[in-house]
Amino acid sequence: MIGTGKIKQYANVLDKPLGKGKQEVSLSAFAFLFSELVQYNQTQVDNISELETRLEDAGYAVGARVLELLCQRDKGNRRETRLLGILSFVHSTVWKVLFGKVADSLEKGTEHEDEYMISEKELLVNRFISIPKDMGTFHCGAFVAGIVKGVLENAGFPAVVTAHFVPVQGQQRPRTTILIKFAEEVLRREARLG
Amino acid sequence: MTSTACFIIVSRNDIPIYEAEVGSAAKREDAAQLHQFVLHAALDIVQDLAWTTSAMFLKAIDRFNDLVVSVYVTAGHTRFMLLHDSRNEDGIKSFFQEVHELYIKILLNPLYLPGSRITSSHFDTKVRALARKYL
């Protein structure tokens with residue numbers, strides 16, 4: 001009979017092996033789901049900053065799980081204890097798994113000691129989204145900012161993470177920058193660890 | 001061989017999310033409270049130690065009478081703590097790694113709030129089975 005190949009059925013999800021997971025997921029399915037997420041939240045809030053907060057919270061939940069999963073899967077059970085370590089983890093490993101490529105750049109802020117920026121020419125989540133003029137500074141990248149915040153905070157590096165559009169000379173569409181501002185205690189601990 | 005062992009999972013915010021007495025010795029009423037107290041007292045030590053190494057398994061970090069506290073810290077700073085009297089380090093390390101996998105599977109559930117109590121009875125059964133196997 002055709003198709004009698006047995007796939008082992010597991011009674012409970014805890015018995016299923018973790019495995020490598022799907023390497024690729026349909027972009028259109030994700031774009032559709034994300035647009036529904038944004039639209040649903042739009043009906044629930046009164047202003048833009050609340051909408052950004054909600055997207056950020058959604059991303060935070062993803063970040064918390066991604067951190068644990070990737071450390072176990074890709075890093076062979078080693079934790080990150082240093083600032084640069086966790087930043088490069090976010091910049092390469094997390095980005096690669098979520099978006100299929102490493103982030104465009106990771107820079108240290110020049111004005112303040114505690115600021116770092118991850119830049120991307122065009123965020124995957126924004127690819128099919130256009131912001132109407134009356135929504136001003138709203139950025140759907142708040143979702144990605146939430147993911148980064150989830151990863152950093154759960155690893156023990158609390159930070160305020162926001163997404164901004166940065167206009168670039170000679171290009172029509174502005175670049176996106178994820179701005180990470182670490183809390184005081186992170187810098188103090190970094191200084192202590194030397 | 002009877003052994004006393006108390007296993008606790010403590011979240012990032014120092015709230016216990018799972019507790020189990022997994023030793024094969026007969027349980028005494030006051031022993032359980034004493035074990036929990038010792039484990040919570042060891043949390044301070046874990047906090048400092050966790051930042052000095054990038055390994056997840058921190059071996060024996062504290063002792064109480066003849067009982068030893070071993071700790072395993074995950075990437076999200078969830079601590080698995082075991083109070084035991086055995087000396088089988090490899091067994092304990094394998095135990096922690098297997099429980100870590102179970103914990104990740106629980107965490108991946110989008111309806112599970114990270115940092116809340118783990119109430120799944122299946123998880124409980126599996127942890128106890130692993131304890132009998134490795135400890």
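This is a predicted model: local features need pLDDT of at least 70, side-chain atom pairs count only at pLDDT 80 or more; totals for chains, interfaces and linings use all residues.
Which residues make the contact between α2(A) and α3(A)? From α2(A) come A:Val66, A:Leu67, A:Leu70 and A:Cys71. They meet A:Phe89, A:Thr93, A:Val94, A:Val97 and A:Leu98 of α3(A).

## Chain A as a whole

Chain A has five helices and four strands. Along the sequence they follow the pattern α-α-α-β-β-α-β-β-α. The C-alpha trace spans about 65 × 45 × 35 Å along its principal axes.

Chain A has 194 residues, and 40% of them are buried. Now take the contacts in chain A with a separation of 6 or more. Residues 24 or more positions apart account for 58% of these contacts.

## Helix α1 of chain A

Helix α1(A) covers residues 27-44.

Which residues of α1(A) are buried? They are A:Ala31, A:Phe34, A:Val38 and A:Asn41. Viewed down the axis of α1(A), the buried residues fall within an arc of 100°, so they line one face of the helix. An α-helix has 3.6 residues a turn, so residues three or four places apart point the same way.

On the other side of α1(A), the residues A:Ser28, A:Phe32, A:Leu33 and A:Thr43 are exposed.

## Helix α4 of chain A

How many of the 13 residues of α4(A) are buried? The count is twelve, and the helix is mostly covered. Among the buried residues are A:Ala142, A:Phe143, A:Gly146, A:Ile147 and A:Asn154. What covers them includes α1, α2 and α3 of chain A, along with strands β3 (159-166) and β4 (175-182).

From first C-alpha to last, α4(A) reaches 18 Å, close to the 18 Å expected at 1.5 Å a residue. After α4(A) comes A:Gly156, with a positive phi near 100°.

## Where α2 meets α4

Helices α2(A) and α4(A) pack at an angle of about 45°, with 6 Å between their axes. That angle makes α2(A) oblique to α4(A). The crossing of α2(A) past α4(A) is right-handed.

The residues in this contact include A:Glu52, A:Leu55, A:Gly59, A:Gly63 and A:Leu67 on the α2(A) side. On the α4(A) side they include A:Phe143, A:Gly146, A:Gly150 and A:Val151.

## A closer look at A:Glu56

A:Glu56 lies in helix α2 of chain A. What does A:Glu56 touch, not counting residues up to four places away in sequence? The list is A:Ala142, A:Gly146, A:Lys149 and A:Val161.

A:Glu56 and A:Val161 are 105 residues apart along the chain. Their C-alpha atoms are separated by 9.1 Å.

## Chain B: a helix pair

Turn to chain B. Helix α2(B), residues 89-107, packs against helix α3(B), residues 121-134. Their angle is about 165°, and their axes are 9 Å apart. An angle over 145 degrees counts as roughly antiparallel, so that is how α2(B) runs relative to α3(B).

The crossing of α2(B) and α3(B) is right-handed. Contact residues from α2(B) include B:Gly91, B:Phe95, B:Val99, B:Leu102 and B:Ile106. Those from α3(B) include B:Phe123, B:Val127, B:Leu130 and B:Tyr134.

## Chain B: one histidine

Is B:His35 buried or exposed? Its relative accessibility is 8%, so B:His35 counts as buried; the cut-off is under 20%. B:His35 sits in helix α1 of chain B, residues 29-50.

Which residues is B:His35 in contact with, leaving aside its neighbours within four places in sequence? They are B:Cys6, B:Glu21, B:Leu67 and B:Leu83.

Technical notes. Residues are numbered from 1 along each chain as its sequence is written. Chains are lettered from A and ligands numbered from 1 in the order in which they are written. Side-chain values use heavy atoms; hydrogens and water are left out. Helices (H or I, at least four residues) and strands (E, at least two) are DSSP runs, numbered from the N terminus. The expected span of a helix is 1.5 Å times one less than its number of residues. Buried means under 20% relative accessible area, exposed over 50%, partly exposed in between (1.4 Å probe, protein chains only). The arc is that of the directions from the helix axis to the C-beta atoms. Axes are lines fitted to C-alpha atoms, for helices over the stretch in contact, and angles run from 0 to 180 degrees between N-to-C directions. Angles under 35 degrees count as roughly parallel, over 145 as roughly antiparallel, 65 to 115 as roughly perpendicular and the rest as oblique. A crossing is left-handed if the near helix is turned anticlockwise from the far one by less than a right angle, and right-handed if clockwise. Contact means heavy atoms within 4.5 Å.
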